[in-house]
Amino acid sequence: MSMYLPAEFIVQVDYSRCRSCRRCVAECGFGTLSYQNDRVIADHKKCAACQRCVSTCPEGAITVIHNPLAYKKNYHWTPEHIKNLHKQAATGGKLLTGGGNDKVYKSYFDHMVLDACQVTNPSIDPLREPMELRTYLGSKPDSLSFTCLENGEYKLETEMSPQVRLEVPIVFAAMSFGAISLNAHKALAMAAKECGILYNTGEGGLHKELYAYGDRTIVQVASGRFGVNHEYLNQGAVVEIKCGQGAKPGIGGHLPGEKVNQEVSQTRMIPVGSDAISPAPHHDIYSIEDLSQLIYAIKEATNYEKPVCVKIAAVHNVAAIASGIARAGADIIFLDGFRGGTGAAPTIIRDNLGIPIELALAAVDERLRREGIRNKVSIIAAGGIRSSGDMAKAIALGADAVAIGTAALIAMGCRLCQKCYTGNCSWGIATQRPELTRRLNPEKAAECLTNMIRGWSLELKEILGSLGVNAVESLRGSRERLRGVGLSDTELDILGIKPAGR
Ligand code: SF4
Ligand code: SF4
């Protein structure tokens, strides 16, 4: 049956320009191209549209296009539905995908606009005046008390919970070594150090080569507990308990055995070639009280010196869950919306479960404020943050910082082909194949990531200046600076913003 499936993409080689160097044959991680009878031949069905051949052909002789007549147009039975039905008829399995939810659900970031100052409340020029982006993540006290010393200086008497400093309100989202290559992980770590932000181990232990970046590392404790021991917990700046992921709420993780090579096995503390399966729930968490026990067990293990973060997927009752997490003793809540990326997830889960980060963030911030516990936790918002504009809107909705995953991958060269789960990433990012991973130069990729963070920082300063404020602190939770465009009264109510024009 599968032999009759049409190719989704067509690889076109312009033979008048091709000089038979065969570079494209070597560059394709999916084995699409071969050299036969003195010319490059494409097996179109294998093409993932990762664009590696297009980008590396020295003659610009290759283009990849959608197969225009792969499926007849039908608004209800979309090409994707038909393709998936054919695949399942052939395989009988669940369908996997990578990357984030790409369905046409409304993007609320695209239906919100920010305010700007003029005349009576002047704007600030960030090129001439200082602009503060520094952010501290961690639980804040209800009040501060000081004593005045004899020399006239003040001493803080309030005992502070551990805080971690970000020079820009951004962290890199969780991506494990295993899901992505060690070179990609190194790039994230190097960029995090350079920019004064954080990267995240994902659920896969910490490679010894990354210990040098410990003070810029979020170490994750996932349900599979891969690589978790006392040394691991104490290597990081923040410990994150992963209870959910925006791309696949309610289910666990699965790193196929083919991706578990010697180094991944050492890092995850599992045998080479064995599947790394994270169960859907943590085996020891069935209530907020259980979660609280794990939070305090980690605090004990880290001498109460590191903030503990709890990561949850954005789902319908996320505000109530977040309230419980704040009361359970967490210092940071990581909210992951349904646009969040993944190395591998069942397509049906990614596309049909969870809610947008904008709505979840607004609901959580509002509930924690109403209950008087907003200061107890910092909020990191993630799940489809594409630009500094999205970042500024997320902060205005109540986030202390945002996490970026897909945007970071794109900065490193990813073309969003969504085939990460195959382990064949031609760009050397979502793969463990040595001939592919060596394509990603960690220094160069770190430079690209650093450039992106610097660009977003400059743009955030411009936005703050136009709003007439000189610190990101002044934007946090300032929903009166947002207006909705094309949103219903109910949507505006959930977001806690007014319509444009009012
Ligand atoms: S990389 Fe370009 S020039 Fe070289 S064989 Fe392929 S199509 Fe021809
Ligand atoms: S990381 Fe690689 S495989 Fe995954 S979407 Fe990007 S280009 Fe495709």
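This is a predicted model: local features need pLDDT of at least 70, side-chain atom pairs count only at pLDDT 80 or more; totals for chains, interfaces and linings use all residues.
Helix α8 covers residues 318-327 and helix α10 covers residues 357-370; their axes lie 8 Å apart, and the helices pack at an angle of about 50 degrees. That angle makes α8 oblique to α10, because angles from 65 to 115 degrees count as roughly perpendicular and those under 35 as roughly parallel. On the α8 side, the contact is formed by Val318, Ala319, Ala322, Ser323 and Ala326, which meet Ala360, Ala363, Val364, Arg367 and Leu368 of α10. By class, this contact holds eight nonpolar residues, one polar residue and one charged residue.

I come now to the second pair, helix α11 with residues 388-397 and helix α14 with residues 442-467. Their axes come within 9 Å and cross at roughly 55 degrees. Here, too, the term is oblique, for α11 relative to α14. The crossing of α11 past α14 is right-handed. From α11, the residues Ser388, Met391 and Ala392 meet Trp456, Glu459, Leu460 and Ile463 in α14. Five nonpolar residues, one polar and one charged make up that contact.

Next, the domains. The domain assignment divides the protein into domain 1, residues 2-93, and domain 2, residues 146-499. How far apart do the C-alpha centres of the two domains lie? The separation of these centres is 34 Å. Domain 1 and domain 2 are in contact, with nine residues contributed by domain 1 and nine residues by domain 2. On the domain 1 side, the residues that touch domain 2 comprise five nonpolar, two polar and two charged.

Finally, the ligands. Which residues come nearest to ligand 1? Among the 14 residues around ligand 1, the nearest are Cys18, Cys21, Arg23, Cys24 and Cys57. The shell of ligand 1 consists of nine nonpolar residues, one polar residue and four charged residues. Around ligand 2 there are 15 residues, and those that come nearest are Cys414, Cys417, Cys420, Cys425 and Ala430. The ligand 2 shell divides into ten nonpolar, three polar and two charged residues.

Thank you for your attention.

Technical notes: Residues are numbered from 1 along each chain as its sequence is written. Chains are lettered from A and ligands numbered from 1 in the order in which they are written. A residue is near a molecule or strand if its C-beta atom, placed from the backbone, lies within 6 Å of it. Ala, Val, Leu, Ile, Met, Phe, Trp, Tyr, Cys and Pro count as nonpolar, Asp, Glu, Lys and Arg as charged, and the others, Gly among them, as polar. Axes are lines fitted to C-alpha atoms, for helices over the stretch in contact, and angles run from 0 to 180 degrees between N-to-C directions. Helices (H or I, at least four residues) and strands (E, at least two) are DSSP runs, numbered from the N terminus. Angles under 35 degrees count as roughly parallel, over 145 as roughly antiparallel, 65 to 115 as roughly perpendicular and the rest as oblique. Two residues are in contact if their C-beta atoms, placed from the backbone, lie within 7 Å. Domain bounds come from an automatic or database domain assignment. A crossing is left-handed if the near helix is turned anticlockwise from the far one by less than a right angle, and right-handed if clockwise.
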